[in-house]
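Subject: Structure handover and what was found in it

Dear colleague,

I am handing over the structure below, and after it you will find an account of what came out of the analysis. Please read the two together.

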Amino acid sequence: PEAAGMSAEEQFKQDMENYQSYVLGMLTNFDTMPLIRIHKMLKMCVQDNMYDKTEAQLESFLSKLVSEEKLILEGGVYRRKINAPNK
């Protein structure tokens, strides 16, 4: 069921934002990962929140993180973009 007052699209966006910390954490620990491995790890790690997204939905979200310059996609694998430390 959708949260009160949220469209399905808004709920999806909120769900994926919740998974962002998991994705960034995985890529900190494993350096690089292909889409399918990130997808499988989320299914194993996010038991409380019942991760039920498709690979296509995850790929769309990861593309957003690439466009926001949080991730880099090279040769079919994702990695964190390392920025200068924040001041």
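To begin with the sheet, strand β2 (residues 71–74) and strand β3 (residues 77–80) pair in the antiparallel sense over four bridges, where helices (H or I, at least four residues) and strands (E, at least two) are DSSP runs numbered from the N terminus, and two strands pair if DSSP finds at least two bridges between them. Within this pairing, Ile72 stands opposite Arg79 in β3, and Leu71 has Arg80 as its bridge partner in β3. Two residues lie between the strands of the β2 and β3 hairpin, in which Gly75 takes a positive phi near 60°. Strand β3 is also joined to β1 by three bridges, the two strands running antiparallel, and here Pro34 stands opposite Val77 in β3.

Before going further, please keep in mind that this is a predicted model, in which local features need pLDDT of at least 70 and side-chain atom pairs count only at pLDDT 80 or more, while totals for chains, interfaces and linings use all residues. Residues are numbered from 1 along each chain as its sequence is written, and side-chain values use heavy atoms, with hydrogens and water left out.

As to the overall arrangement, the protein chain has three helices and three strands, and from the N terminus on its elements run α-β-α-α-β-β. Of the 87 residues in the protein chain, 28% are buried, where buried means under 20% relative accessible area, exposed over 50%, and partly exposed in between (1.4 Å probe, protein chains only). Taking contact to mean heavy atoms within 4.5 Å, 49% of the contacts between residues at least 6 apart in sequence join residues at least 24 apart.

Leaving aside its neighbours within four places in sequence, Leu62 is in contact with Val23, Leu35, Ile38, Leu71 and Tyr78.

Two further residues in the helices deserve a mention. His39 lies in helix α2 and is buried, with a relative accessible area of 7%; apart from neighbours within four places in sequence, His39 is in contact with Tyr51, Lys53, Thr54, Glu55 and Leu58. Glu17, found in helix α1, is partly exposed, with a relative accessible area of 32%. Again leaving aside neighbours within four places in sequence, Glu17 is in contact with Phe61 and Lys64, and although Glu17 and Phe61 are 44 residues apart in sequence, they are 8.7 Å apart in space, C-alpha to C-alpha.

Asp31, in the loop between α1 and β1 (32–34), has a positive phi of about 70° although it is not a glycine, and Asp31 is exposed, with a relative accessible area of 51%. Glu69, in the loop between α3 and β2, likewise has a positive phi, near 60°, in a residue other than glycine, and Glu69 is partly exposed at a relative accessible area of 48%.

Finally, the pockets were searched on a 1 Å grid over the protein atoms alone, a pocket being an open set of points where a 1.4 Å probe fits, with protein on both sides within 12 Å along at least five of seven lines, and lining residues having an atom within 4 Å of a point. The largest pocket has a volume of about 160 Å³, with grid points joined across faces, edges and corners and the volume taken as the space filled by probe spheres set on the points. Ten residues line this pocket, and Gln11, Asp15, Tyr19, Asp52 and Lys53 lie nearest its centre. The lining divides into four nonpolar, three polar and three charged residues, where Ala, Val, Leu, Ile, Met, Phe, Trp, Tyr, Cys and Pro count as nonpolar, Asp, Glu, Lys and Arg as charged, and the others, Gly among them, as polar.

With best regards
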